[in-house]
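Trainee: I am new to this structure. Please pick one part and take me through it closely.

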Amino acid sequence: MVAPQIGSLYPDLIMSDPVAVIVGATSGLGAALTGRLIRQGYRIGATYLRPIDTDEFEERFPFDEDQLVLRRVNATESGEVEDFLARVAARFGRIDAVASLVGGWAAGRDVKDTDNVRFDWMIDLNLRSAFYTVRAAVPHLEAGGGRILLVGSRAVVDNPPGQAAFNIAKAGVVALAKTAAAELEDADVTVNVILPSVMDTPATRRALPFAEYVKWPTPDEIAAVAEFILTGESGVMSGAVVPVYGRA
C-alpha cells in the first residue's frame with residue numbers, strides 16, 4: 001500500500017477531533033501508541049524513516065486519509081520536521097499533542113573510547129531529533145495549549161558504563177523536557193518524559209538473546225503511559241520524569 005501524502009489532500013478541511021503527531025510511529029512503541037490514540041478518536045500525523053518499518057504498520061492500520069497520514073521524515077533534519085508539522089496542522093486544522101519517539105541505543109564504549117562518529121550518532125538520533133521536534137511543535141501548541149511527550153531512558157538514572165554516548169544523549173532529552181516545561185507553563189503546554197528500561201520487542205530479544213525478557217514491559221504497556229500523558233488525563237503534570245521500567 002502506498003501511504004497517502006499530506007498537503008494536497010483537502011488542505012482547507014478542518015477536523016474537530018483532536019490531532020496527535022507521532023514522530024517515529026512505526027516502531028513497536030510508536031505503533032502501539034498510534035493504535036491507542038486512534039481508538040480514542042485522534043487524527044494522527046505519523047512519520048517513519050526506513051520503508052521496511054512500514055510493512056507491519058500498514059497491515060495494522062487502514063490508511064483512511066481523514067484519520068491518519070504517514071510520511072517519511074528524517075527527524076535529525078530540522079526542515080523536514082518543521083515541514084511535516086506544518087502540513088499536519090494545515091491538513092487537520094490543529095495539533096493537540098506531539099510525541100517524539102525517535103531514538104536508538106549503542107553500547108560498547110566508555111567515555112575515553114567513544115569516537116566522534118559514535119558520539120554524533122547518538123546525539124543526533126536521540127537528542128537532536130527530540131529538540132527539533134519540540135521546537136517545531138511549540139508554535140502549533142502555544143496558542144491553544146497541548147501536550148508534548150519525549151522518551152529518555154533508565155540510563156539517565158543508572159548511568160551504566162559502556163554506553164557513554166547514549167547516556168549523555170538521553171540525559172539531554174530529560175533536560176530538554178524540563179526546560180521546555182518551564183518555558184511553556186504559561187502557554188498551557190505540558191512537556192513530560194518517560195524513561196523506559198528495556199522493551200520487549202523482537203529486535204531487543206535478538207540483541208539480548210539470553211536475557212530474562214519475561215520481565216520486560218511490552219510496547220503496549222509503555223504506550224498506555226504515553227496515552228495517559230498525551231490525552232491530557234495526566235492533567236497539569238508537566239516536567240515529570242516518569243519511570244516505565246516494568247520489572248526489568
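**Strand 4 and its surroundings**

Mentor: Val98 in strand 4 is the bridge partner of Val21. Two points on how to read this. The model is predicted, so local features need pLDDT of at least 70 and side-chain atom pairs count only at pLDDT 80 or more, while totals for chains, interfaces and linings use all residues. Residues are numbered from 1 along each chain as its sequence is written, and side-chain values use heavy atoms, with hydrogens and water left out.

Strands here are DSSP runs of E, at least two residues long; helices are runs of H or I, at least four; both are numbered from the N terminus. Two strands pair if DSSP finds at least two bridges between them. Strand 4 covers residues 97-100, and four bridges join it to strand 1 in the parallel sense. Ala97 of strand 4 is the partner of Ala20.

Strand 4 also has strand 5 as a parallel partner, over four bridges. There, Ser100 stands opposite Leu150. Right-handed means that, with the strands pointing away from the viewer, the path from the first strand over the helix to the second runs clockwise.

Now the faces. Ala97 and Ala99 are buried on one side of strand 4, Val98 and Ser100 on the other. Buried means under 20% relative accessible area, with a 1.4 Å probe and protein chains only. Strand 1 (residues 19-23) is mostly covered too, with five of its five residues buried. Val19, Val21 and Val23 lie on one side, Ala20 and Ile22 on the other.

Strand 1 pairs with strand 2 (residues 43-48) as well; those two run parallel, over four bridges. Ile22 faces Ala46 there. Strand 1, helix 1 (residues 28-39) and strand 2 make a right-handed β-α-β unit.

Definitions and conventions
Buried < 20%, exposed > 50% of the residue type's maximum accessible area, 1.4 Å probe, protein only.
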